[in-house]
Amino acid sequence: MALIGLFDLAQPVHSIRRNYPIIGRMRWFFEDIRPEIRQYLIEDDYEQLPFSRSQRSLVYARSKNESSERAFGTQLDVYESGYEFIGHSNRPVPPGDPATFRVDIGGGDCRQPYRASILNISAMSFGALSANAILALNQGAKLGGFAHDTGEGSISPHHRHHGGDLIWEIGSGYFGCRSADGGFDPRAFEEKATDPQVRMIEIKLSQGAKPGHGGILPASKITEEIAQTRGVPMGQDCVSPARHSAFSTPNELMAFIAELRQLSGGKPVGFKLCIGQPWEFMGMVKAMMDTGILPDFVVVDGAEGGTGASPLEFSDHLGMPMREGLLFVHNTLVGTGLRDRIRIGAAGKIVSAFDIAATRALGADWVNAARGFMFALGCIQSLSCNTNRCPVGVATQDPLLQRALVVPEKAERVFNFHRNTLHALAEMLAAAGLDHPSQIGPHHLVRRVSQTEVRLFSQLHTFLAEGELLSGSCHSSFYKNVWDIARADSFELL
Ligand SMILES: Cc1cc2nc3c(=O)[nH]c(=O)nc-3n(C[C@H](O)[C@H](O)[C@H](O)COP(=O)(O)O)c2cc1C
Ligand code: SF4
């Protein structure tokens, strides 16, 4: 037993066994008998809590380079409302090269555009995630040539160690570019933003899991490393206010974007938000038109998104789900003739190639995944990220628990998950006669709406025509009414 225990402690492959030698092996025993227990007593494999076993197993298999093939046909009920599929073609083509699945981000005012992968690591801060998790994510991003969003906790030494591309997120706490009174410090921003590893700047307006909610990192949790990374003092609570102090109107937001672009040396600057009151986003678009300052990108986060911790009501009942938010942002930009100058990213429970295809069909140019990459790091969905007791070392600052996560091993899994997912996407698109994700549209996706009817996404959803909002003849009364009351000089109603 002692020898097995020592072996478990030393082996780099299984996180659980490193932290819980011998007893951790019970997990595999229970995993083994789980299907039977579930089948007879509990729920099915597609119950989402918030990710189903089927979704998690897919990520684990792709991360480990194992086959994700299934025997005997689908277990989904294809006659149940909400079932979705892609219409394949009778003229499939050879799969496109996933290396070409990239999108150019950066409009005319941008001097250092970025060619991003269509699948990137969504914002998660050092603080919410462990040092080892950040190291593994960034190394995986470096290996696979995709981007790693820092989250609002700023750029830590762990983000820098492997040199993977970074999207630096600036939240309302301005961590990493914060003045002594908690405001925005342009000089501190410039110093970090001009670093070549930083490829884009993302202003965080809101996050789907807790939109309109600030955050407090209690003094007790602030290690010296976190204090240095965020530029906050030790011994005091670290507060992210609910709203930004650098701007208070849509016009001022555009001016802030222009300032960040200039200070960063012309890198792409955009913002991330979960859509809430629709006139506010339309006000921002009016501000774009009034000021002539455009963000290079907008990232739409969905209410179904994740977080380290948030009040239950915020997670469950605030903010628009990703698909509706994405469609709204896409339509508003199309309706004002700005869509081809602004890229759109989206995040919200994206783990499979189909999820990417469906999100692109509704208007996204690229997607971000947070929890998908956490599963690749070994997350077992124990739902205890807020306790600092993550059993696999992903979401904890406890050094003992963190040793469960062996960086090179998990970096390889992050890389594999990205690569194998894009490979699956290439094959899925090829079956539909397409060789690049940019070709997929709402007419390729189908949803069952009743026992006897299915509809194309293009039939189900409202799509505005180019410039329709400006012409005064918008066919959608919703879009027209909201556009009429939106203001560029205030987030309030007209
Ligand atoms: C542990 C954790 C920490 C997060 N931290 C941030 C953050 O600092 N900033 C942010 O904009 N979003 C944050 N998010 C939200 C994610 O970036 C993402 O938008 C959301 O989870 C939806 O993606 P998913 O469904 O793939 O997880 C966090 C999510 C998780 C799970
Ligand atoms: S294993 Fe649990 S605590 Fe750790 S990251 Fe996953 S859900 Fe959070």
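**Starting point and surroundings**

Author: With a relative accessibility of 16%, Glu84 counts as buried, where buried means under 20% relative accessible area, exposed over 50% and partly exposed in between (1.4 Å probe, protein chains only). This is a predicted model, in which local features need pLDDT of at least 70 and side-chain atom pairs count only at pLDDT 80 or more, while totals for chains, interfaces and linings use all residues. Residues are numbered from 1 along each chain as its sequence is written, chains are lettered from A and ligands numbered from 1 in the order in which they are written, and side-chain values use heavy atoms, with hydrogens and water left out.

Reader: OK. With which residue does Arg323 form a salt bridge, and how far apart are the closest N and O atoms?

Author: Arg323 pairs with Glu84, and their closest N and O atoms are 2.6 Å apart. A salt bridge here is a side-chain nitrogen of Lys or Arg within 4 Å of a carboxyl oxygen of Asp or Glu.

Reader: Which parts of the chain does the pair link?

Author: Distant ones: Arg323 sits in helix α12 (residues 322-335) and Glu84 in strand β1, 239 residues apart. Helices (H or I, at least four residues) and strands (E, at least two) are DSSP runs, numbered from the N terminus.

Reader: Does Arg323 count as buried, partly exposed or exposed?

Author: Arg323 counts as partly exposed, because its relative accessibility is 23%.

Reader: And Arg447, what does that one form a salt bridge with?

Author: Also Glu84; the closest N and O atoms of Arg447 and Glu84 are 2.8 Å apart. That pair again links distant parts of the chain, with Arg447 in strand β14 and Glu84 in strand β1, 363 residues apart.

Reader: Which residue is the bridge partner of Glu84 in β14?

Author: Arg447. β1 and β14 (residues 445-450) run antiparallel and are joined by 3 bridges; two strands pair if DSSP finds at least two bridges between them.

Reader: What is the order of the strands in that open sheet?

Author: β1-β14-β15, which makes 3 strands with antiparallel pairing. β1 (84-86) and β15 (453-456) are at the edges with a single partner strand each, so one side of each has no neighbour in the sheet. From one strand to the next the twist averages 30 degrees, using axes that are lines fitted to C-alpha atoms and angles that run from 0 to 180 degrees between N-to-C directions.

Reader: How many salt bridges are in the whole structure?

Author: 16. Among them, Arg115 and Asp104 meet at 2.8 Å, N to O. Arg115 lies in strand β3 (residues 114-117) and Asp104 in strand β2 (residues 102-105), 11 residues apart. Arg115 is partly exposed at 45%, and Asp104 is partly exposed at 41%. There is also a network of salt bridges that links Asp8, Arg17 and Arg25.

Reader: Changing topic. How many residues of strand β6 are buried?

Author: 5 of the 5 residues of β6 (residues 166-170) are buried, so the strand is largely enclosed by the rest of the structure. Leu166, Trp168 and Ile170 point one way, Ile167 and Glu169 the other.

Reader: Which strand pairs with β6 over 5 bridges?

Author: β7 (residues 198-204), in the parallel sense, with Leu166 opposite Val198. Strand β5 (residues 148-149) is joined to β6 by 2 bridges, also parallel, and there Asp149 stands opposite Ile167.

Reader: Helices next. How many residues of helix α4 are buried?

Author: 9 of the 11 in α4 (residues 53-63), so that helix is largely enclosed by the rest of the structure. The buried ones include Arg53, Arg56 and Arg62. After α4 comes Asn65, which has a positive phi near 60 degrees.

Reader: What surrounds ligand 2?

Author: Residues including Met374, Cys379, Cys385, Cys390 and Ala395, counted as near if one of their heavy atoms lies within 4 Å. By class the shell has 9 nonpolar, 3 polar and no charged residues. Ala, Val, Leu, Ile, Met, Phe, Trp, Tyr, Cys and Pro count as nonpolar, Asp, Glu, Lys and Arg as charged, and the others, Gly among them, as polar.

Reader: Last one: how many helices and strands does the chain come to?

Author: 19 helices and 15 strands. Of its 494 residues, 53% count as buried.
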